[in-house]
Amino acid sequence: MRRFALLWLAPTCLLLALTVWPLASGERTLVLRDVLNTHLVLKQHGAEALRQGEIPLVDPTRGGGQPYLGNPNAFPLYPTNLLFLATSTLRGLNAHIWLHWLLAPWAIFWLGRRLGLAREPAWVAGILYATSGFFASLLNLATVVAGAALAAALVAAALGAAEPARRRAPAAIAVLWALLILAGDPMTSALALLMALSAAAMLQGREAGWGRLAAGLGLGSLVALPQLVAMLRILPVSFRGFWGYAQGGMVGGWDLRLAPDLLWPFAFGRPDQLLFWGERLSGGDTPFLFTLFPGLLALLLLGAATGARGRREAWAAGVAALGLLLVVGASSRWLGWVFQLPGGDLLRFPAKAWLLTAVGASLLGGIGAERWLSGRGRRAAGWTLAGAGALYLGAWILLLPLRGGGWRLLRAVAPERIPDGWLDGERLRLAGASLWGILIALLLAGLLQLGRRRPTGALAAALALHVATQLLLLAPAWVSDEADRYLAPPAAALAPPGTVVAHGFATSLLGAPDLAAAGAERSAAGLQRFLHAALAPWAGQPAGLRYELNPSPEGLDQFMTQVAAGGLRHLGPRQQLQVLRATGAEILLLDREWPGLELAGEAPLGGSRLRAYRIPDPLPEAAVLGSRRPAPSFNDALAAVADPGFDPRTLAVVAGEAPARDGPPGSARVIRYEAEAIEIEAEVPAGGGTLVLRRAYLPVYEAAVDGKPARTLVANLTRLAVELPPGRHAVRIWADRRPTRIAFAVAGLAIALVALLGIAGWPARIPAPDPPT
């Protein structure tokens, strides 16, 4: 064990630790794609509430109050939320990501050991997985990276359920399955479950501990019950509840013509430079996974695994093939019909199925390492390495001339918008990557030769070389920047705390920002610095700003908010202003002028200016409106709200078929206005009125008028409303926590039972008594 720790664990773990240290120390933060723009936005309010000892149902900083506990993408109950009690939200979010990166090789190692691999090849499999382009591409996706880190561990625990001696296996299954649910990505959880069930069926069959496996999965589901109940409560009014998962089409399929990415990292553009020029091969989409480059050692060991026979080899190869089939099939004319079948819309992110391929291929790499250490498979490994080296050499020769065949090939693939100068840079980058490939191939060849006499030391050295080169070549997948830049909003003085803001460009509400005009650096870090200076939601939330029409991208926010935000940019300026007034937005942030609007303030923004415009006469926190117009559909409501004659201070546009009503407005005095509790003293005119709140409608809200239950309604596209009779009334609206409390009580009992199983183990079988003689 000591030799294994020094020779195999120490070098690889040290290299990984050195890579994550700038993040772990809090000096730097990940900035690419979803880290700030999605996950940090979703976590800001929840983290602050947790510091106050609360787990909120509603996040009032987004869209007038969007779901928090019911939104899995916010992973509100995942254990790493406890990090927010000890550090800032930004650093806690980074820790959630890098901790799972460090956990990933150990999960594969556990599975490899359960499949019968010795320590060394099992660790090789784990390192191949954690340093693959697939896993590196997940380091900006906080929910997917957690599921990907835990998936193999669930398979290992499921296989352990078949062994009576492993009496704690059901507890391990329950913990891991609960974590996978709470991690927040349903598709990754489903893929992990598929691997676990298929492994038990194929490798153990009737001998699998199906009862203990079912018990563990059931208990894990009960532990995660608060998350599931909260999601089911908001699902009917969410975008996904209305349209399902097919709306918006498939995202992240993989075309076989993108296969060069398996040999050249970021073959079609680097994410840190905000450049992807393979749209013609990917159907116009930027890749969900930035690169799939596994590294030369992984390819070499896959070659060594060829010829291996057995159930575990067949399962690993089958899982890898199934993942590839799902990923490629989404963009295939022959397999695309599968995704049109009932339930196929749940696979709208087919690239996530690469998890199956990555796990299966990593295990095959571990099997290849086992064969190589025993003297088998070395010829196939050598031929694989020679073939890859020849490809790199040929590519280097092709790409070296300034306007040679390599450049012409790139020009034929790249869209016309990519200038020749940029393409020259890509040509040189790919030539450099080819040179790296040649160098790594030569080093591995030398180690292979050394391995004839000392195979263990040679493979350990090759694994350390693999980790070092992968961390170097894949670094653009985890772009970071100085954390201190993002911990203080620079332009908060433009609006006081509590202001409701509509951001015209940081959320693409009214169009994308003009980075060139603003002089922003064309890089991932440059873009995030620009957005931070522009008071993007994740920068303004800590200053107390609330952002309107800012739904999260996974589709579990209120349907009406998501549709209104998506459609706003297609309206004219006057109609856009009317919709913003209807939501109660008070300030509009823009990087351009808006004639006719009062300028409340401005601040430098690169080479441009960040302008804060005051929106005239928006919906107040609470208003009693005597006039009412029915809106049988969302389009009817949008037309009524966008009409130039609409005034949110006098007219309520109410969803449904209620009769129209004309009357003067009443008055509303706010007694209490909190995230989950609102109290209003209302004066209603003689003809009756509609109380409209600057709060998004959600089915978690209950209402009472003078102590009697009242029905909640949707008004002004997205707002929460209650109909009131004439006179003075005390109105109380609150988020109903009764289902949540019941779910937490059940989860508490389930946790106690899991803890008991973890301590005492599954009840041992009582042997049948001997038959009487």
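Helix α1 covers residues 2-24 and α19 covers residues 455-473, and they pack at about 5 degrees with their axes 10 Å apart. Those axes are lines fitted to C-alpha atoms over the stretch in contact, with angles running from 0 to 180 degrees between N-to-C directions. Among the residues that meet, α1 brings W8, P11 and L15, while α19 brings L459, L463 and V467; contact here is heavy atoms within 4.5 Å.

Quick word on the source: this is a predicted model, where local features need pLDDT of at least 70, side-chain atom pairs count only at pLDDT 80 or more, and totals for chains, interfaces and linings use all residues. Residues are numbered from 1 along each chain as its sequence is written, and side-chain values use heavy atoms, with hydrogens and water left out.

Next, α7. Of its 15 residues, 13 are buried, as in under 20% relative accessible area with a 1.4 Å probe, protein chains only.

What is the strand order in the open sheet? It goes β13-β14-β20-β16-β17, with antiparallel pairing; strands are DSSP E runs of at least two residues, and two of them pair if DSSP finds at least two bridges between them. β13 and β17 sit at the edges with a single partner strand each, so one side of each has no neighbour in the sheet. Further in, five bridges join β16 to β20, and V705 has V731 in β20 as its bridge partner.

Key: Buried means under 20% relative accessible area, exposed over 50%, partly exposed in between (1.4 Å probe, protein chains only). Helices (H or I, at least four residues) and strands (E, at least two) are DSSP runs, numbered from the N terminus.
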